[in-house]
Amino acid sequence: MKYKVGDKLTLFLQNQPLEPKVQKCLDSKQTDTTKVEHLSLAFKEIDLINFGILKQCIRLHTLIIHRCYGSKVNYLPPDLFLELKALHILNLSHTNIKELPSSVENLKEVRYLDVSETPIKWLTESILCLSHLQTLKLDGCLSLVGLPKCTSKLVNLRHLVLDIARQLQSMPEGIGNLSKLRTLGAFLVGDGEGTRIGELKNMNSLGGSLRLLNLENVLTREEAAEAYLCNKHGLKKIELQWSDLQDEKNPNEEEILNSLQPPSGIQELKILFYSGGVFPSWISNPSFGELVNITLYRCRYCDKLPSLGELPSLKVLNVIENNEVKEISSFFCRKESNEDHVAFPKLEKLSFDSMSELEKWTGLTPGDFPCLSDLIIQYCPKLIGVSFLSHLVSLSHLEISCCPKISCLPEGGLPLALESLMIKDCPKLKERCCNEQCEDWSKVARVPAFYIDNEKVYV
């Protein structure tokens, strides 16, 4: 991008304490500041005189004000934008401004407004006048106390960029009016009019990532269905999260989660703090052909893991603190109606973490997990054996930690592909393979990188 700067403004810029980062293209036919269209400036300090010259750039389409080291740019004159009515792009990110001037209401043509990484506390209701605004960036505004009520009237908004979970207490009422929105990031489900999950109904242009938080505020399956999550085909990552303060099983959540089926094209799925007793059937549907990453976190009342082995593209699976699961059975790999199917055909990384009741893992058959290279099992205090390891022919990295009841390695030995083995806080297992006199030494002697309690064992 070139910045056309007239002689008058050039002289003004050259006299600043810190040379501004401006690419200048001087044209003898355009020496007047009224001809400037694009301007990017970095100042140590801007006073009212300097702003006065900026106000003369009445044809300005792009204005970027950078903060530099020691900058004192912490306010904008109230009348700065009275004459800058042609602005399409306004970038004030990383400056020290705490509020926008009231004259921002004159920027009726602005499409892009970036105040990210500033100490701004609020946006005035006057932004309602920015009827053509398409992108609003507020990420990193840690002092922000909320969005103005008029946010839901910015009907041309495509991208609302901020860390909603950290920066907001609730969504603006009626945000469902923003049917053109493509970037949202998260939605805080409320229990009042205009903040319920049904606000998502017409937001079918959403893409990228979406976190649905405070799902405990959804009371019925009908209400959950009003989100029409399955119609949002641009979404690639979806997180479904309930409150972590729920302390009892809630069968109602089973119907709610069943009604929150994502679109078939998602690539990543996270379910957190779910208090239902069973997972929905849709989670194991092979039609999720692009799903590569699943995390099940603290789904503490489910006593059985879902049948995920038929997902054709799944590469990463993390199961964390699912404390009611006592056994991982053949159902985890395949349903009874599809016994000939190779389970987890693309899975590369698998982690079982903090499974306090898990005792055994059975049901693997030869050929299952053909691509599994990384397996982590930790904080599973009741897990007794690891005979399943013999079936994991592609396994190259194995970590077993804080599993005190595991007493030996499988009789069939470890996979031939294993290159790295880490054992930590497993006293019985340590006794079996810590040196050449141990019973399982022959099973670990050929592993190139072998560690016990973070110390390398030389074989």
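**Figure 1. Overall fold of the predicted model.** Helices (H or I, at least four residues) and strands (E, at least two) are taken as DSSP runs and numbered from the N terminus; on this basis the protein has 7 helices and 20 strands. This is a predicted model, in which local features need pLDDT of at least 70 and side-chain atom pairs count only at pLDDT 80 or more, while totals for chains, interfaces and linings use all residues. Residues are numbered from 1 along each chain as its sequence is written, and side-chain values use heavy atoms, with hydrogens and water left out.

**Figure 2. Salt bridge between E239 and R211.** A salt bridge requires a side-chain nitrogen of Lys or Arg within 4 Å of a carboxyl oxygen of Asp or Glu, and the count by this rule is 17. The side chains of E239 and R211 meet at 3.2 Å, N to O, linking strand β9 (residues 234-241) with strand β8 (residues 207-213) across 28 residues. With buried meaning under 20% relative accessible area, exposed over 50% and partly exposed in between (1.4 Å probe, protein chains only), E239 is buried at 10%, whereas R211 is partly exposed at 29%.

**Figure 3. Salt bridge between E268 and K237.** The N to O distance in this pair is 3.9 Å; E268 lies in strand β10 (residues 268-272) and K237 in strand β9, so the bridge ties together parts that are 31 residues apart in sequence. E268 counts as buried at 18% relative accessibility, and K237 as partly exposed at 41%.

**Figure 4. Salt-bridge network that includes D440 and R432.** The side chains of D440 and R432 meet at 3.3 Å, N to O, within a network that links R432, E439, D440 and K443. D440 is buried, with a relative accessible area of 1%, while R432 is partly exposed at 22%.
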